[in-house]
Amino acid sequence: MTISLYEGHPAGRHAAIPSGSLFRRVHAPRACDALAYSMSTYAMPLLVLATTGSSSLTGLAFALEWIPRVAAFSLAGALVDRCGAAIVSFLASLARAVLVGGAAVGLALLPRGTAETVTVMTLAAVTGTLTQFSFVANEAVGAIVSRRTEGQSHKVQSVLIGIDQTATLVGPALGGVLLLSGPTPMLACLSVLSFLSAGLALQTPPTPLRAARQDGQRPGGGLREGWETLRSLPALGWLVAGLACSNLALGMLQSASPIVVVDGFGRSPAAVGTLWSAAAASTLIAVACCRFALNRLGLWGVGVISSTVAAAACLALPEAPSYISYTALVALFMAGDGGLTVVLRTLRSLIIPPTAFGTTLSLSILLLLLPFPMAGVMIALTPPPYLTDAIGGCAVLQALALIATFTRLRKDPVLRATGEPARA
């Protein structure tokens, strides 16, 4: 079987190379979809808590939001490799816009009770699935842009992560503020953002497509192909394994925060948005620092520093005495996580083969996101008085996993390399 890369002849009118600046073709579509992504991820548990008043249903909604996301990755990656990122992002964003807009109207008409609860729980699951299709598509576009800037991959990824974190800064706060007026304004805003994402997706550059077999059959793809590629890249495999354990702690924090902030510290839902906005601000600062630190310390050095910061903050979180200290520690945790994200995305863009990028990206993200539904289930089953103990246990697991990962990778040439030009 012959696999070919044909960026010059992308399939479909949607994949034609558009005219315009990098901002129009890459940054603007990424920013709009990232804002919709952050609102979907952080505001949906708040929406469930606001409509049901149940901490158990909030944890269950978090799990329902992530389980379909995890299941969608194999198909999303294969579609991006075969159809192109632009059309996948367009269709996913358009479907999300229509669905969320319909739910906004429905919740305005439905009486409080079982029907309203079923609506918001179903909405969390379906929007989570659609969001991951557009996420994989945008990651593929970002990787292609990184490859075309030889020697500057980490800088490109830093800009893209900065866009993501700016959206994370705005999204939770915007969702929390809109929820003060009820579910409908928040869902209407998310629907408008999704429509904008669909329109802007058509401006993105073409991504490499995987050719069909000569006998007319499509090549194998999905998880099997992604697994074969990941096995051939041990550095990426170790990093994904370590960060998966770290994501269990992150998932616990995301799922438990509405309960801890609203029920534990007696704050409003808007305070939850403020918490994650502060965390996103700290991540932006960390990503900006990483952009310069990578030139001197390399991926391994930045990874070690970031993992140390993230693990220390997470270990201290169960002892946070107030909302302010809790917010500060979450912000510190997310700063470390931001540095680890730069390391992961840069490594991915450097070593994954272009024509297998969608499937391998999907598998790596699948492994990274499996802890999130697990965290939601754990929160749903854990009585509120024991939430801090559960978070502390995940913090210990995170610290041990990151120590093992970066000890194993300390001699890897790709992670040890820096962005400085070689001297004669």
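Reader: How many salt bridges does the count come to?

Author: Happy to start there, and please keep in mind that this is a predicted model. A salt bridge here needs a side-chain nitrogen of Lys or Arg within 4 Å of a carboxyl oxygen of Asp or Glu. By this rule, the count of salt bridges comes to six.

Reader: Which residue meets Glu-139 in a salt bridge?

Author: The two side chains come to 2.7 Å, N to O. Glu-139 lies in helix H4 (residues 114–147) and its partner in helix H1, so the pair ties together parts that are 109 residues apart in sequence. The partner of Glu-139 is Arg-30.

Reader: Is Arg-30 buried or exposed?

Author: Good thing to check! The cut-off for buried is under 20% relative accessible area. Arg-30 has a relative accessible area of 4%, so Arg-30 counts as buried.

Reader: Which helix holds Asp-164, a salt-bridge partner of Arg-30?

Author: In this salt bridge, the closest N and O atoms of Asp-164 and Arg-30 are 2.9 Å apart. The pair links distant parts of the chain, 134 residues apart, with Arg-30 in helix H1. Asp-164 itself sits in helix H5 (residues 153–179).

Reader: What is the separation between the C-alpha atoms of Cys-32 and Asp-164?

Author: Cys-32 is found in helix H1 (residues 22–52), and Cys-32 is buried, with a relative accessible area of 10%. Along the chain, Cys-32 and Asp-164 are 132 residues apart. Their C-alpha atoms are separated by 9.5 Å.

Reader: Which residue forms a salt bridge with Arg-96?

Author: The N to O distance in this bridge is 3.3 Å. Arg-96 lies in helix H3 (residues 85–109) and its partner in helix H1, so parts that are 63 residues apart in sequence are tied together. Both residues are buried, and the partner is Asp-33.

Definitions and conventions. Residues are numbered from 1 along each chain as its sequence is written. This is a predicted model: local features need pLDDT of at least 70, side-chain atom pairs count only at pLDDT 80 or more; totals for chains, interfaces and linings use all residues. Side-chain values use heavy atoms; hydrogens and water are left out. Helices (H or I, at least four residues) and strands (E, at least two) are DSSP runs, numbered from the N terminus. Buried means under 20% relative accessible area, exposed over 50%, partly exposed in between (1.4 Å probe, protein chains only).
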